[in-house]
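Work through the two exercises below with the coordinates open. Each task is followed by a stepwise solution.

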Amino acid sequence: MPIPNTIDEVQSELASTGYVCGRALATVVFLSLKLGRPLFLEGEAGVGKTEIAKALAKALNRRLIRLQCYEGLDASSAVYEWNFPAQMIAIRTAEAQGGANREALNDELFGPDYLIERPLLQAMRPDENGAPILLIDELDRTDEPFEAFLLEALSDFQVTIPEIGTIEAPEPPIVILTSNRTREVHDALKRRCLYHWVDYPDFDREVEILSSRAPEVSENLSREIIAFVQSLRTEDIFKKPGVAETIDWAKCLLALDVVDLSPEVISDTLGAILKYQDDIAKINGSEAKRILDESKKALEEA
């Protein structure tokens, strides 16, 4: 599918996949697609940064290639590896047969048959459906040397394999980088990208998101769930629940045939929205009842 021509088309295409976004996010996505610039998304975990890459790939019918970042990730792990076990078998087979041509064997061992392509190299390859979506997820988990390498790779959209040479993308991939901001990403990399902070949605937007992702949940229960979760985000807890937790909780309540929130139901299902025991212990019991009462009162007054 071709790149959308307007911001409204971006919103419409994303909505068709179940991803509901505001105009500000749709605008920066549109500009990223139109200008061919990487898109850098920061925000709390669970607000939909990763999902937008998945939705965009689905909307545009493009291949999604995901590089999940972690501490210690280096260039070779992100670009390519050689299939060492297969190379050793080929060497031993050649030795057993005797009279192997060393130069020919070397060319074979370091050729395409033994090359394991990792996400960055995969993203450089041509695709019949158009440039793939390259998702570089949770970049803040890596360290500065990898950032420096990534800065160069995203500048030229090419990678070099010493044994083969330089491989350049015939069409640059659509690049989306995400960060949970556990540390600051270097300014040089940010300057290469269009930037957007993905915040928690407001009440009406989150109702719309939940309706899209869990349409079986009744309107009344949806509003109660979101009012409670949004109140919970104002509490002094270690990890505030994201939109992903809102959706998970709604599906859990649906599976339990819940039609109305109660302190007992909340106590039984807190593990769907809070992921740390200290947070659960703090909110459980009377605190959950207080937050529920306040959120229900706010809904009545709205």
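Contact here means heavy atoms within 4.5 Å. The model is predicted.

**Exercise 1. Helix packing**

Task: Find which residues of α2 meet which residues of α3, then describe how the two helices pack.

Solution: 

1. Locate the helices. α2 covers residues 23-35, and α3 covers residues 49-60.
2. List the contacts. On the α2 side, take Leu 25, Val 29 and Leu 33. They meet Ile 52, Leu 56 and Leu 60 of α3.
3. Sort this contact by class. It has six nonpolar residues, no polar ones and no charged ones.
4. Set up the geometry. Two packed helices are described by the angle between their axes and the distance between the axes.
5. Read off both values. The angle between α2 and α3 is about 60 degrees, and their axes lie 13 Å apart.
6. Classify the angle. Roughly perpendicular starts at 65 degrees, and roughly parallel needs under 35. α2 and α3 are therefore oblique to each other.
7. The crossing of α2 past α3 is right-handed.

**Exercise 2. Cysteines**

Task: How many disulfides does a search of the whole structure find? State whether Cys 69 and Cys 193 are buried or exposed.

Solution: 

1. Apply the cut-off. A disulfide needs two cysteine sulfur atoms within 2.5 Å.
2. Count. The whole-structure search gives zero disulfides.
3. Assign burial. Buried means under 20% relative accessible area. Cys 69 has 2%, so it is buried. Cys 193 has 7%, so it is buried.

Definitions and conventions: Residues are numbered from 1 along each chain as its sequence is written. This is a predicted model: local features need pLDDT of at least 70, side-chain atom pairs count only at pLDDT 80 or more; totals for chains, interfaces and linings use all residues. Side-chain values use heavy atoms; hydrogens and water are left out. Axes are lines fitted to C-alpha atoms, for helices over the stretch in contact, and angles run from 0 to 180 degrees between N-to-C directions. Helices (H or I, at least four residues) and strands (E, at least two) are DSSP runs, numbered from the N terminus. Angles under 35 degrees count as roughly parallel, over 145 as roughly antiparallel, 65 to 115 as roughly perpendicular and the rest as oblique. A crossing is left-handed if the near helix is turned anticlockwise from the far one by less than a right angle, and right-handed if clockwise. Ala, Val, Leu, Ile, Met, Phe, Trp, Tyr, Cys and Pro count as nonpolar, Asp, Glu, Lys and Arg as charged, and the others, Gly among them, as polar. Buried means under 20% relative accessible area, exposed over 50%, partly exposed in between (1.4 Å probe, protein chains only).
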